[in-house]
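Welcome! Let us walk through this structure together, one question at a time.

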Amino acid sequence: MPLRTRIVTLLRSRSAWLWVLPHAVLGSFVVALFALLGVLERHELDNQKLALARDVQWAEQTIRTHLESNVHFLGQLARGMADGTLDREGFQIQATQYVANNPEFTHVVWVDEDLVVRWTAPFETVTWNAGERLSTLEQTIAFQTAQRMGVPSYGMPLGSAEEGATIEVHVPIFRARASKGAIIGVYGAGDLLRSLAPDWFASKYRLVLETDERVFGATSSVEIPSDVTGIIPLDPPGRGLRLRVAAFAPESNVTRDMLVFTIAALVLVMAMSLWMLAAHVRRRLSAERDRDRLFAEVRSESAFRRAMDESVITGLRAVDMEGRITYANPAFCEMVGWSAEELKGRMPPFPYWPEEEIATLSKVTERWLRGEAPRDGFEIRIRRKSGERFHARMYISPLVGGDGQQTGWMGSMIDITEQKRTEELGRQHQERVQQTSRLIAMGEMASSIAHELNQPLAAIANYCTGCVNRLSAEGFEREELLSAMRKASTQAERAGKIIRRLRDFVNKREPHRAPAPLDEVVDDAIGFAQLDARKAGVEIRVDVPPDLPPVFVDRVMIEQVVLNLVKNGVEAMSPGNDRRELTVVARVDGDRAVELAVADRGRGFAVEDTEKLFTPFYTTKPEGMGMGLSICRSIVEFHGGRLWAQPNPGGGSVFRFTLPVRG
Amino acid sequence: VADATQRVYIVDDDEAMRDSLVWLLESHGLPVVAFGSASSFLDAYRADMRGCVVLDVRMPGMSGLELHDRLAAMRATLPVVFVTGHGDVPMAVSAVKKGAVDFIEKPFAEKDLLRLVTQALELEREQAGARQRQAEARRRLESLTAREREVLDLVVAGKPNKLIADELGISPKTVEVHRARVMEKMEVGSVAELVQLVLEGRGRA
C-alpha cells in the first residue's frame, strides 16, 4: 500500500509539471501573436508613410502643372488684351468657358491700371462688379508686384475658410510698355483643393491649405490627428502658404480584423479547452481515487466474504436459472463429500441425491426453480460420496445480481440428523412420561378413592358391629336394629358408587367425545373432590349455569381435569389459612367455547413460574409427582382448548381452561 | 366402663360416620353425645364435662386439630382420641405429641376403638379422682392454724418432736398437742398417711 501511495504522489507531482508546459506554451503563443500583429501594424504604418510621400510628391507635381497651365491661359488672355485682339465679348466667351472647365476658378477679371474692375467673367456674379476698385493691401501688393516684375503674381488668400477664402493670381497686361492693368484669376481656396486633388487622393488624404497662422480651406471639415502627414510648400504662389496632407485612418482591414478576431477566438477556445481538459483530468484523478478506494473496499469485502464463507457451518450452494451449480461453499462440500470443482456445472439430478429419491427430488427441484420454494425450507435426504445418508433441511432464496436481475437461486443447507435424533428421543421420552403420568394419575385416583371409601366402610362396620353387640346382649329393640341395618345398606350403596367411578376411570378406553352439559361434568368432579375439601376445611362454591351450551368433550377426561384443579386448589390452602374458599365458575367465551375458572385462596405462585407449572415433574407439593397440571393441559389441548394460570387478585391462583362448544 | 358422669363426645362432620359411631358405642352401654362440627362442640363445652372426645381430624370449618388446640388452651381435662383417614397419620402423630391420648386410623376394628375409648375414660376417671383428692387435701390443710402448719411442715420433713420444739422455741409438750391436732384435722392415722396427703395437696398425685 505505501508503494502505491508513493507512485500516486509521484504521478501527481509529474502531472503538475505537465500542466505548466501547456499553460506556458499558450501564454507564449499569445504573446508572439500579438508581437506579430504589432510588427504588422508598424509595417503597415511605414507602408502608409511611404505611399503618402509618393502621393504627396505626385500631388505637388500635379498641382504645379495645373497652376502653371492656368497661368498660361491667363497669360494668353493678357496677351490678347495687350495686342487688342481680344475684345470684351471674346474675353467673356473664353474666360467663361475656362471657368466652367476649371472649377477652381471662381472668376476671371480684368482690372485696369487703377485697380478698377472693367470686365468680369462669368457674368452672373454678384462680386467683382465692373467699376469697383480693388482696395485691399494684399490685392494691391499682388497687383503692383505683377506690374513691377512683369510676371504673374499670387496674392495671399483673402477671407477665411468659413466664408470661402479666395486666392488671386494677377497677370500683368502691357501694351507697348504701358500697363493696361492685369487679368486676375480668382481661385476659391476650397475649389482649388477639390479640383487639384483627384478623387482617389481626396478619399485617402485630407488636404489643408494653410499658413502658419491661418487655415484657408480643407477638403474635409473633419480635423484628423494623424501620424502620417506631408507638407507641400506652395511657395511660388504665396508667401508661407502650404498644403498639408494628412492620411485618413486607413479603412479597417476586414481580413486582418477577421484574422485578429479569429486568433483571439482560437486562443480563447484553446484556453477553454485547456481548462476543460484540466477539469476532466481532475475528475479522472478523483474518479481514480474513488475507484482505488472502492477497489480496496471490494477487496476487503471479498476477503470478509471468503472468511465468512469458509467459517459458516451452513452449506451454501448457488445454481443458475437452469439449475446448474455455479458455486458451493466449503461447508456444503464437506457435508456432501464432493469437492466444489466436482460439483460446479452439474445439472440435476445432483450426485448427492440418493438414487431412490431422484424422482421425488427432481419434482421438488423443478418446483423451487419455478420460484415455489416453501418459505420455511424443506427436508431432504442427502447421500454423501461415501454412500452414507443424512437428513438436511434446505432453504432456497433468489440470487439477485448487481443489476437487480435474478441470476439464479441460493440454497442453504443444514444437517438436521442430530436434531431429528433429539426429536425422536424427545418423542420417546414424552411417551414414557405420558405412560408414567397415566400410572401416577391412576395411583392418585386410587388413593383418592380409597380415601373416600373409608367413610362408608367404617360406617357400615360400625352399624353392623353395633347390631351384633345388641343382638348378643339380647336387650335390643327390633325397630332400632332395622334402622341401623338400613343405614348400613345405604352406606354400602355409597361405597358402590365410588367403586363405579373408579372403574370408569381405570377402564382403558379411547377418548369418546360427545356433547355434555358442563354443570353435570363439574358436579361429578366436585363429588370426588368434596371429601378432600371437607377434610381440609375448604368450602367449594360452584357457579356453573345449567343453561350453558353443552361442551363437546370426553366427559371422563374433563372430569379428571376439573378434579385435579379442584384438588390442587384445596391442597394449596393450608389449614392455617382463614379464607378457605374455592370457587368454580363457568361462563361463555365467545360463541364457540366455554371457559371454566377454578380459583383458590392458597399460596399462589410466582408470576415467573407461570409456565413452569405445566411442565412435567414440576411440583410444590412434598408428595406430588408434578404430573397433574401437565396432563390436564394435554387433555384440554386434545380437546382444542387451552389451559393457563393467573394469580388470583387478592391472593391465591386461578386456573382457567376453555372447551369447545361444538366439534 | 364409664362411671355415671362420664360421656363419650363424638365430633365428626360425616353424618353416617357420626351416627354409626353413636350406634356402635351405645351397644356397649357407653353414654354418647354427638356433634356435627367442632364449633357446635365448643358451644356446648363446659369445664366440668367428664368423659372423653372422639374427634375427626379433618373437618370443614374448624378442624379436629384446631379444636384440640382450643381445648388445650382452655386447660380442658377431657382426653381426646383422634380418628384419622388414610394419609393423615403425620398430622395425628403431631396431635398425640400435643397431648392427645392416641389416634385410630379408619377403617378400624371395633375392639381397637373400644380399647382407646376405655383407656381414655379410665385416664379421665383417674385424673378426676386425683383432682378430687387434691382438693380435699387442700381443704384440710387450709383448716390448720399457722402454728399447726409450721409443726406439720417439720413433721413431714421427718424431724422428731424435740428438734421441732427447739426450732419453734416451744416445749416438746406443746409440740405433742399441736401434732395431735394436725393428725386429727388432716384425718390421718399415721405420719406416712400425712406425708401422702400433703404431697397430694401440692398437686403430685
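What follows is a set of questions and answers about chain B and then chain A.

User: Before we start, what kind of model is this, and how are its residues numbered?

Analyst: Residues count from 1 along each chain as its sequence is written, while chains are lettered from A and ligands numbered from 1 in the order in which they are written. Side-chain values use heavy atoms, without hydrogens and water, and local features need pLDDT of at least 70, side-chain atom pairs count only at pLDDT 80 or more, and totals for chains, interfaces and linings use all residues, as this is a predicted model.

User: Thanks! How many helices and strands are there in chain B?

Analyst: Helices (H or I, at least four residues) and strands (E, at least two) are DSSP runs, numbered from the N terminus. From that end, the elements of chain B run β-α-β-α-β-α-β-α-β-α-α-α-α-α. The totals for chain B are 9 helices and 5 strands.

User: In what order do the strands of the sheet in chain B lie?

Analyst: Two strands pair if DSSP finds at least two bridges between them. Strand 3 (residues 51-56) and strand 4 (residues 80-84) of chain B, for instance, run parallel and are joined by 4 bridges, with B:Asp56 partnered by B:Val83 in strand 4. The open sheet in chain B has 5 strands with parallel pairing, in the order 2-1-3-4-5.

User: At what angle does helix 5 of chain B run to strand 3 of chain B?

Analyst: Axes are lines fitted to C-alpha atoms, for helices over the stretch in contact, and angles run from 0 to 180 degrees between N-to-C directions; contact means heavy atoms within 4.5 Å. Helix 5 (residues 110-142) lies across strand 1 (7-11), strand 3, strand 4 and strand 5 of chain B. Its angle to strand 3 is about 140°.

User: Is B:His68 buried or exposed?

Analyst: Buried means under 20% relative accessible area, exposed over 50%, and partly exposed in between (1.4 Å probe, protein chains only). B:His68 lies in helix 3 (residues 64-73) of chain B, and its contacts beyond four places in sequence include B:Leu55, B:Phe82 and B:Ala100. With a relative accessible area of 7%, B:His68 is therefore buried.

User: And is B:Arg75 buried or exposed?

Analyst: B:Arg75 is found in the loop between helix 3 and strand 4 of chain B. This residue has a positive phi of about 55° although it is not a glycine. Its relative accessible area is 72%, so B:Arg75 is exposed.

User: How many disulfides does the structure hold?

Analyst: A disulfide is a pair of cysteine sulfur atoms within 2.5 Å. For A:Cys467, the nearest cysteine sulfur is that of A:Cys464, 6.4 Å away, and A:Cys467 is in no disulfide. Over all chains, the number of disulfides is 0.

User: Which peptide bond is cis, with omega near 5°?

Analyst: Most residues other than glycine have a negative phi, and most peptide bonds are trans. A:Pro349 is found in the loop between helix 8 (340-343) and helix 9 (358-369) of chain A. The cis bond is the one from A:Pro348 to A:Pro349.
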